[in-house]
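User: I'm new to reading protein models and I'd like to know where the labels come from. Could we go through them together?

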Amino acid sequence: MRSLLRLPNDRWKPLEIVFWLLPVAAYFLFPGYLVLISQIMIVGLFALSLDLILGYAGIVSLGHAAFFGLGAYTAGLLSVHGWNEPFSGLLAGAVVAGLFGFITSFLVVRGQDLTRLMVTLGIGLMLFEAANKAAFITGGVDGLSGMTGGKLLGLFEFDLNGKVAYCYSLATLFIVFVGMRRLVKSPFGLSLIGIREGGRRMPALGADVNRRLVTVFTVSAAIAGVAGALLAQTTQFVGLDMLGFPRSAELLIMLVLGGTGRLYGALIGAAIFMLAQDYISGLNPAYWQFYIGLLLILIVLFARGGILGGLDLIVQRLKPSSRKEQA
């Protein structure tokens, strides 16, 4: 009971340190897969943004790709028109996506799960069609091309091997993750968990539920914008699929695989999904989605709470204290 009542702290556990050393080691061990791993890190950052509202605040979204695409198009349009400085492009993507998230948040937080699903889905579809119609700006179905990548810190130019993009993606992911980790362990983050578990009781504690939900939805949208801008800068291309519904649906699958409300679950789920997609599609390009669906069903049936939830359950059963209690 004492462990359950203990407040979270910001101390880094040994497994966390090992986790973040893995991509550093991968840079030297797998030089031929740097592009793929950098894509995994960017998608993992995108998954983190959804986990913030779904895993902690309980806001279900089927249109989160709208903010991802907004960040990508913002950075892409800046680059096409001559402004290709990377860090300011990330900031611009975060600001535009966050502003759009703030405006739409008042529609999203008013409803419950089904209403939120429909509202977020509608927002995503509307933005997708708007980008499709505005082909003179976005490039339409052909995508936004003609982007040029500026030098990182004015020194490092993006190379074909993806080394600079890899370091850039890893640094961005780590910095954003540290900020999110601090946020979810703060009193604000704990209040979000309280809203998720019992939103009707939180006003009795003096918590403004709507204001907190609007705030976290805006922050989540801004982080998704950073991920979109990062993908646009590293690939130097923006397509309509970044705003599409399939991207939002895949994001939910990643969270289910890894486990929601854990942060690391979003990263692990994104890595497993993209690695499985890359490997299985190479074996069977026509029916790779069948095996992804089978993997998803197995996770839901035998590992509630995702992969991390299943590992937690195994660890709890192997603990000596738990064995004594069962005896």
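Predicted model: local features only at pLDDT ≥ 70, side-chain atom pairs only at ≥ 80, totals over all residues.

User: What is the secondary structure made of?

Analyst: Helices: the protein has 15 of them and zero strands.

User: How do you know whether the radius of gyration agrees with a compact globule?

Analyst: You set the value against the rule. For 327 residues, a compact globule would have a radius of gyration near 20 Å, and the protein has 20 Å, so the two agree. Along the principal axes, the C-alpha atoms fill a box of roughly 65 × 50 × 40 Å.

User: How do you know how far apart in sequence the contacting residues are?

Analyst: Take the contacts between residues at least 6 apart in sequence: 78% of them join residues at least 24 apart.

User: How do you know whether the length of α10 agrees with its number of residues?

Analyst: Helix α10 covers residues 209–235, which is 27 residues, and at 1.5 Å a residue these should span 39 Å. Its end C-alpha atoms are 39 Å apart, so the length agrees.

User: And what makes α10 "mostly covered"?

Analyst: The count does: 21 of the 27 residues in α10 are buried, and buried means under 20% relative accessible area.

User: What makes Gln236 stand out?

Analyst: Its phi is positive, about 55°, although Gln236 is not a glycine. Most residues other than glycine have a negative phi. Gln236 follows α10 and sits in the loop between α10 and α11.

User: Why is Gln236 called partly exposed?

Analyst: Its relative accessible area is 32%. Buried would need under 20% and exposed over 50%, so a value in between is called partly exposed.

User: Does that work for Leu263 too, or what is it called: buried or exposed?

Analyst: Leu263 is buried, because its relative accessible area is 4% and the cut-off is under 20%. Leu263 is in the loop between α11 and α12, and its phi is positive as well, near 70°.

User: Why is Val256 given the label it has?

Analyst: Val256 has a relative accessible area of 36%, so it is partly exposed. This residue lies in helix α11, residues 245–258. Beyond its neighbours within four places in sequence, Val256 is in contact with Leu296, Ile299, Val300 and Gly306. Val164 is another matter: it is 92 residues from Val256 in sequence and 31 Å away in space, C-alpha to C-alpha.

User: Which residues of α9 are buried, and what covers them?

Analyst: The buried ones are Gly189, Ser191, Leu192, Ile195 and Gly198. Their cover includes α3, α8 and α10. The length of α9 checks out too: its twelve residues should span 16 Å, and its end C-alpha atoms are 16 Å apart, which agrees.

User: Which residues is Ile37 in contact with?

Analyst: Leaving aside neighbours within four places in sequence, Ile37 is in contact with Ala26 and Tyr166. Ile37 belongs to helix α3. Ile37 and Leu170 are 133 residues apart in sequence, and their C-alpha atoms are 9.5 Å apart in space.

Methods: Residues numbered from 1 in each chain as written. Heavy atoms only, no water. Helix = DSSP H or I, 4+ residues; strand = E, 2+ residues; numbered from the N terminus. Rg over C-alpha atoms; globule rule 2.2 N^0.38 Å. Contact = heavy atoms within 4.5 Å. Expected span 1.5 Å × (residues − 1). Buried < 20%, exposed > 50% of the residue type's maximum accessible area, 1.4 Å probe, protein only.
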